Amino acid sequence: LCYRRQRQMCIRDRITIVYTVLLAFLLSTMIAFTYQKTFRGLSYSRNYLQALVLSSIVASTVMQAIGDSLASGLGMLGALAIIRFRTSLKEPRDIIFMFACLAAGIACGVNGYDIAVVGTLAFCIIAFVLHYSPFGQESHFDGMLRFNSEDDPEGKAMLEGVLKEHCKVFALITLRDMAQGKRLDYAYHVKLKKGKSKVDLVNALNRIESVNGVSLMLQETTIDL
């Protein structure tokens, strides 16, 4: 009878371990999905998204390994202190999402499943609310336009006409001298008008004979550099 009870407890513990890891995986995947959908910028890192998911599983595993043992906790702390993480997260938002995944994993690891689920759902919902609220409005500019052109009044007038036709807002950020003053290198922040595509803007600039080296970098969240 004692052996049967021990066997049942062993099976129950294994099921709990599997359930904990799977729940940590699902919650961290939800957080990573929220990060991907609410990201604003030129590119996001796929490695960072994978790190978000994996960090939750690692945290839940560590907490299950420690359990209620103070000695195990101190030993684990000493072992982790040896590892030095040299990767720096420049954006505070990235750090918060990493902490959210770690918190979900830790909550699962200590069997606080309700806390993990409610906390993760609240975090993701609030992240989406902030994304579509005035706190997360789209940037004033879609991207950066660069080209060089001859320094003549007629060419400048044509350039200004093209920018006014295709751009809702454009702002000159840099102006650099080239070829001893014969040509000028321009860099603009631009926001395209509705119905105007980046291809239309680039083609219109290329049709101006005095313009060379047109490049347009837009904020595309689906590009991973």
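Predicted model: local features only at pLDDT ≥ 70, side-chain atom pairs only at ≥ 80, totals over all residues.
Residues are numbered from 1 along each chain as its sequence is written. Local features need pLDDT of at least 70 and side-chain atom pairs count only at pLDDT 80 or more, whereas totals for chains, interfaces and linings use all residues, and side-chain values use heavy atoms, with hydrogens and water left out.

The axes of α2 (46–66) and α4 (residues 92–109) come within 7 Å and cross at roughly 30°, the axes being lines fitted to C-alpha atoms over the stretch in contact, with angles from 0 to 180 degrees between N-to-C directions. This crossing makes α2 roughly parallel to α4, a term for angles under 35 degrees. Helices are DSSP runs of H or I with at least four residues, numbered from the N terminus. Where contact means heavy atoms within 4.5 Å, the α2 residues include Y48, L52 and M63, and those they meet in α4 include F97, M98 and C101.

The whole structure contains zero disulfides, a disulfide being a pair of cysteine sulfur atoms within 2.5 Å. The sulfur of C101 has its closest cysteine sulfur in C124, at 8.5 Å, which is too far for a bond. C101 is buried at 0% relative accessibility, and C124 is likewise buried, at 5% (buried means under 20% relative accessible area, exposed over 50% and partly exposed in between, with a 1.4 Å probe and protein chains only).

R40, in the loop between α1 (2–38) and α2, is partly exposed at 38% relative accessibility. The C-alpha atoms of R40 and H131 are separated by 9.1 Å, although these residues are 91 residues apart along the chain.

Key:
Helix = DSSP H or I, 4+ residues; strand = E, 2+ residues; numbered from the N terminus. Parallel < 35°, antiparallel > 145°, perpendicular 65-115°, else oblique.
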